[in-house]
Amino acid sequence: MSDALFADEVVTHACVRFVRVPGLAGEIALITIDNGHDHTRPSTFGPGGLASLDGALDEIAARTPAPVAIAVTGKPFVFAVGADLSGVPAITSAEQAREVAEAGHRVFGRLKDAAVPTFAFVNGAALGGGLELALHCSYRTISGGAFVAFPEVFLGLVPGWGGTQLLPDLIGIDGAVSVVVENALAQNKMTPGPKAAELGIADAVFEPADFLERSLEWAAGVLNGDVVVRRPAVDRSAWDDALARARGIVAARTRNASPGALRAVELLDLARAGVEDDAFAAGTAAEDDALTDLLMSDELRAGLYSFDLLNRRAKRPAGAPDRMLARQVTKVGVVGAGLMASQLALLFVRRLEVPVVLTDVDQSRVDKGVGYVHGELEKLAGRSRLSPDRLNRLKRLVTGSLDKAAFADADLVIEAVFEELKVKQQVFAEVEAVVSAECVLATNTSALSVTEMAAELQHPERVVGLHFFNPVAVLPLLEVVRAERTDDATLATAFAVGKALGKSCVLVADAPAFVVNRLLTRFLGEVTAAVDAGTPVAVAERALEPLGLPMTPFELLSLVGPPVALHVAERMHEAFPDRFAVGEGLRRMVELGKTSVFSEPGVVDPDLAGIDAGDSPLTAEELRDRAERALAQEIRLMLDEGVVQAVQDIDLCMLLGAGWPFWLGGISAHLDRAGVSAAVTGQRFLPRGVASLPA
């Protein structure tokens with residue numbers, strides 16, 4: 001494998017020492033894989049890393065007398081997290097891609113085919129190729145603090161160094177489907193060490209404090225025959241049902257638009273033949289083919305672009321002021337006690353562990369809001385996610401009041417009341433009258449002008465938008481809105497709080513509906529307009545399936561709620577009447593109190609019959625083209641208006657706030673790839689080779 005492709009590789013070195021364990025005749029060759037950095041830079045395998053591991057195995061093979069076993073472990077907190085993807089953008093041919101695939105198989109295969117038993121001591125994170133390395137070993141121990149996962153399908157790849165063949169043969173096809181497909185498409189869900197042992201991925205689990213010592217003792221027991229590892233036989237008859245489940249998951253979560261997900265299911269199907277010589281060779285050859293094809297796909301390059309946005313840009317928000325300007329937040333006020341306000345209160349108390357006080361217009365609403373927070377904390381304790389002491393401490397921190405004077409010593413007050421400008425202006429005026437001059441005033445508005453909200457205050461410079469997404473505990477995006485007079489100290493405090501809350505913050509200007517809601521409203525507007533014009537609901541519902549979006553248009557409408565969608569559509573129509581219309585079908589849904597277009601799956605609610613009775617229907621392809629062109633136009637306008645620092649921020653927002661697929665590259669890469677960007681705006685959003693194959 002060419003080192004030139006991975007010129008920036010941080011090489012993971014494989015260092016060998018020969019260890020004697022009491023009671024064991026002979027030495028264990030212990031390989032420690034370590035890239036020389038701390039846990040914030042996990043060990044990966046590029047050409048240099050694989051060559052180092054290969055060299056370590058050569059050193060062991062030359063040892064006289066030969067060791068009785070080989071064991072592999074990692075640096076503190078990290079076993080290994082897979083292939084080094086830094087060189088992928090430089091891969092320009094299928095031959096180079098195949099070289100990457102075959103190199104991992106060849107080196108890891110030496111552990112599977114070794115003349116002595118091999119052990120993986122999984123002391124920390126084992127992801128992707130790191131987990132595949134462990135699976136090539138005869139036995140595995142795992143730390144109780146470790147976790148494992150195959151994130152490849154999440155990125156648009158497949159586990160391509162033996163994982164699709166070895167895992168099903170170890171734990172059965174149903175468990176493998178969960179780890180390889182289901183967990184990956186559930187935002188890359190990790191499996192903790194104890195759970196990995198329950199699944200059969202590991203043979204023993206030990207506590208982190210003395211993990212290596214215990215693992216060596218356990219390995220000696222296996223070698224001496226004192227420890228017998230029993231694994232249940234794999235049920236080959238389970239394959240068809242499990243693969244049907246896998247296909248259902250892929251269809252539901254990707255609309256069959258992710259090449260990586262589809263190839264992963266095909267590879268898992270091959271694994272039913274087992275891992276004996278010929279069958280394993282055929283399975284790994286198919287992995288080589290899959291990796292070669294996927295590495296040379298635009299979707300994978302877009303997926304890696306998305307991954308880079310989440311791992312770099314999201315951690316260093318563009319345009320954020322110096323974090324040293326941030327003020328300390330020791331108490332939070334929440335105006336409102338409805339569901340959104342209560343979710344915010346829960347997030348603040350869990351993450352900041354400071355007093356949080358809710359206010360509302362009557363005691364019953366206040367009590368309901370405080371009760372919601374307390375109830376959710378109790379649920380967490382019931383699932384062992386909070387200790388009894390921490391539960392009691394957090395519950396004591398959450399209180400309610402009818403008097404905004406309770407905010408007097410708060411450092412941040414956020415409002416989550418009815419989306420009406422005058423109501424919010426009044427709320428801020430009342431809050432400003434009782435808080436200190438440095439207290440940050442934040443709004444969770446989804447569409448209203450933060451600048452107008454602050455216009456009549458004595459200190460408009462301390463007002464900022466903090467637009468959370470529902471459900472607050474789940475969606476990681478926080479749009480931090482800078483109004484015209486927001487000062488740097490307020491903005492820095494907002495970013496610091498967002499980070500402390502575990503959110504990925506993106507700086508946005510105070511423009512109508514900011515980023516996510518603006519694009520989703522434009523996108524939904526094209527769909528509802530087409531239905532109003534006569535496009536059958538069923539056609540509109542499936543028109544965007546080739547994009548692989550997490551929800552269909554009408555599923556999204558139901559999640560957002562028709563009243564909220566109507567409110568945002570009306571605000572956007574006021575701001576941009578030439579591009580944003582208010583659909584009559586949407587108005588009718590709200591008037592009738594309908595939460596969905598459908599009364600049951602695929603059946604239009606009888607009360608909404610005729611909403612698609614216009615005389616100018618579109619085909620699915622025509623509607624998709626209109627929606628894509630509308631998105632391209634809106635993104636270009638947002639960039640021209642300076643709503644964000646760069647198009648990368650729009651992509652990041654769509655990934656984190658709308659759950660749009662990695663393999664789309666947020667949205668801009670797809671529009672570039674489809675030729676829509678150039679057709680609508682005259683230029684691409686991203687240079688060729690960024691989120692796409694090189695020119």
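Buried means under 20% relative accessible area, exposed means over 50%, and partly exposed lies in between, with a 1.4 Å probe and protein chains only. The legends below use these words throughout.

This is a predicted model, in which local features need pLDDT of at least 70 and side-chain atom pairs count only at pLDDT 80 or more, while totals for chains, interfaces and linings use all residues. Residues are numbered from 1 along each chain as its sequence is written, and side-chain values use heavy atoms, with hydrogens and water left out.

**View A. Aspartate 169 and arginine 236 meet in a salt bridge.** A salt bridge here is a side-chain nitrogen of Lys or Arg within 4 Å of a carboxyl oxygen of Asp or Glu. For this pair the N to O distance is 2.5 Å. Aspartate 169 sits in helix α5 (residues 163-171), and arginine 236 in the loop between α8 and α9 (239-254), so the pair links distant parts of the chain, 67 residues apart. Helices (H or I, at least four residues) and strands (E, at least two) are DSSP runs, numbered from the N terminus. How exposed is arginine 236? Arginine 236 is partly exposed, with a relative accessible area of 34%, and aspartate 169 is partly exposed too, at 23%.

**View B. Lysine 331 pairs with aspartate 409 in a salt bridge.** The closest N and O atoms are 2.7 Å apart. Lysine 331 lies in the loop between α12 (298-311) and β11 (332-335), and aspartate 409 in the loop between β13 (398-401) and β14 (412-415), so the pair ties together parts that are 78 residues apart in sequence. Is lysine 331 buried or exposed? With a relative accessibility of 15%, lysine 331 counts as buried.

View C. Arginine 272 is partly exposed at 31%, and aspartate 269 is partly exposed at 26%. How many salt bridges does a search of the whole structure find? The search finds 39.

**View D. A patch of negative charge lies on the surface.** Its members are Asp113, Glu276, Asp277 and Asp278. Patches are made of residues with over 30% relative accessible area and no salt bridge, with like charges joined within 9 Å and nonpolar side chains (Val, Leu, Ile, Met, Phe, Trp, Tyr) within 5 Å. Aspartate 113 belongs to the loop between α2 (94-112) and β5 (118-122), and is exposed, with a relative accessible area of 58%.

**View E. Phenylalanine 154 and phenylalanine 662 form a tilted aromatic pair.** Rings of Phe, Tyr and Trp (its six-membered ring) pair if their centres lie within 6.5 Å; planes under 30 degrees apart count as stacked, over 60 as edge-to-face and the rest as tilted. The structure holds 11 aromatic pairs. In this one the ring centres are 4.3 Å apart and the planes stand at 40 degrees, so the pair is tilted. Phenylalanine 154 is in helix α4 (residues 152-155) and phenylalanine 662 in the loop between α25 (647-657) and α26 (668-673), 508 residues apart. Both phenylalanine 154 and phenylalanine 662 are buried.

**View F. Phenylalanine 348 and phenylalanine 468 meet edge-to-face.** Their ring centres are 6.4 Å apart, with the planes at 70 degrees. Phenylalanine 348 belongs to helix α13 (residues 339-352) and phenylalanine 468 to strand β16 (residues 463-468), so the pair ties together parts that are 120 residues apart in sequence. Phenylalanine 348 and phenylalanine 468 are both buried. In a separate cluster, ring pairs link Phe119, Phe121, Tyr139 and Trp218.

**View G. Backbone details include cis peptide bonds and positive phi values.** Most residues other than glycine have a negative phi, and most peptide bonds are trans. A cis bond joins threonine 64 and proline 65, with omega about -5 degrees, and another joins asparagine 470 and proline 471, with omega about 5 degrees. Phenylalanine 514 has a positive phi of about 60 degrees, and is buried, with a relative accessible area of 0%. Arginine 255, in the loop between α9 and α10 (259-270), has phi near 55 degrees.

Terms used: Accessible areas come from the Shrake-Rupley method with a 1.4 Å probe; for residues, only the protein chains shown count as cover. Lys and Arg count as positive and Asp and Glu as negative; His and the chain ends are not counted. The place of a charge is taken as NZ of Lys, CZ of Arg, CG of Asp or CD of Glu.
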